[in-house]
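I opened my notebook to look up a few features of one protein structure and to write down what I found, step by step.

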Amino acid sequence: MFIPSEFTLGGLTWKVVRRKRLKGNYGLCDLKNLKIFILDTLPDELKEQTFCHELTHAIQYAMGIHEENHNETYTDALAMFLHQYLNTAK
């Protein structure tokens with residue numbers, strides 16, 4: 001699966017930043033600055049799943065769902081299925 005360096009959602013350009021350290025996190029979605037941070041030292045599959053998780057947060061934000069209303073269980077489940085789809089679609 002390809003992890004982009006930037007993408008557009010709802011007319012806004014997001015940057016994807018790879019980091020060697022993220023203070024105990026695999027990834028972060030900075031909704032205010034339109035950035036997704038990914039821990040670059042993760043194995044590829046976990047890195048991809050983490051990107052899908054943070055992308056799901058960005059999509060919710062683009063849909064007008066405020067950060068305090070992002071349900072982590074829902075976000076994890078949607079990201080897992082998105083990752084599976086992207087890796088198995090033919």
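The entries below cover the ground rules, the aromatic rings, the cysteines and one proline.

**Ground rules.** I noted that this is a predicted model, where local features need pLDDT of at least 70 and side-chain atom pairs count only at pLDDT 80 or more, while totals for chains, interfaces and linings use all residues. Residues are numbered from 1 along each chain as its sequence is written, and side-chain values use heavy atoms, with hydrogens and water left out.

**Aromatic rings.** I reminded myself that a pair of aromatic rings is described by the distance of the centres and the angle of the planes. The rule I used pairs rings of Phe, Tyr and Trp (its six-membered ring) if their centres lie within 6.5 Å, and it calls planes under 30 degrees apart stacked, over 60 edge-to-face and the rest tilted. By this rule I found 3 aromatic pairs. One of them joins Phe 7 and Trp 14, whose ring centres are 6.1 Å apart with planes at 5°, so this pair is stacked. Trp 14 lies in strand E2 (residues 12-19) and Tyr 61 in helix H1, so the pair ties together parts that are 47 residues apart in sequence. For these names, helices (H or I, at least four residues) and strands (E, at least two) are DSSP runs, numbered from the N terminus. I also wrote down that Phe 7, Trp 14, Phe 51 and Tyr 61 form one aromatic cluster.

Next I looked up burial, where buried means under 20% relative accessible area, exposed over 50%, and partly exposed in between (1.4 Å probe, protein chains only). Phe 7 and Trp 14 are both buried, with Trp 14 at 1% relative accessibility, whereas Tyr 61, at 34%, counts as partly exposed.

**Cysteines.** How many disulfides are there? A disulfide is a covalent bond between the sulfur atoms of two cysteines, and the test I applied asks for a pair of cysteine sulfur atoms within 2.5 Å. The count comes to 0, and for Cys 29 the closest cysteine sulfur, in Cys 52, is 13 Å away, which is too far for a bond. Cys 29 is buried at 16% relative accessibility, and Cys 52 is buried at 1%.

**A proline in a loop.** Finally, I found Pro 43 in the loop between strand E4 (35-39) and helix H1 (44-62). Pro 43 is exposed, with a relative accessible area of 55%. From Pro 43 to Ile 59 I noted 16 residues in sequence and 24 Å in space, C-alpha to C-alpha.
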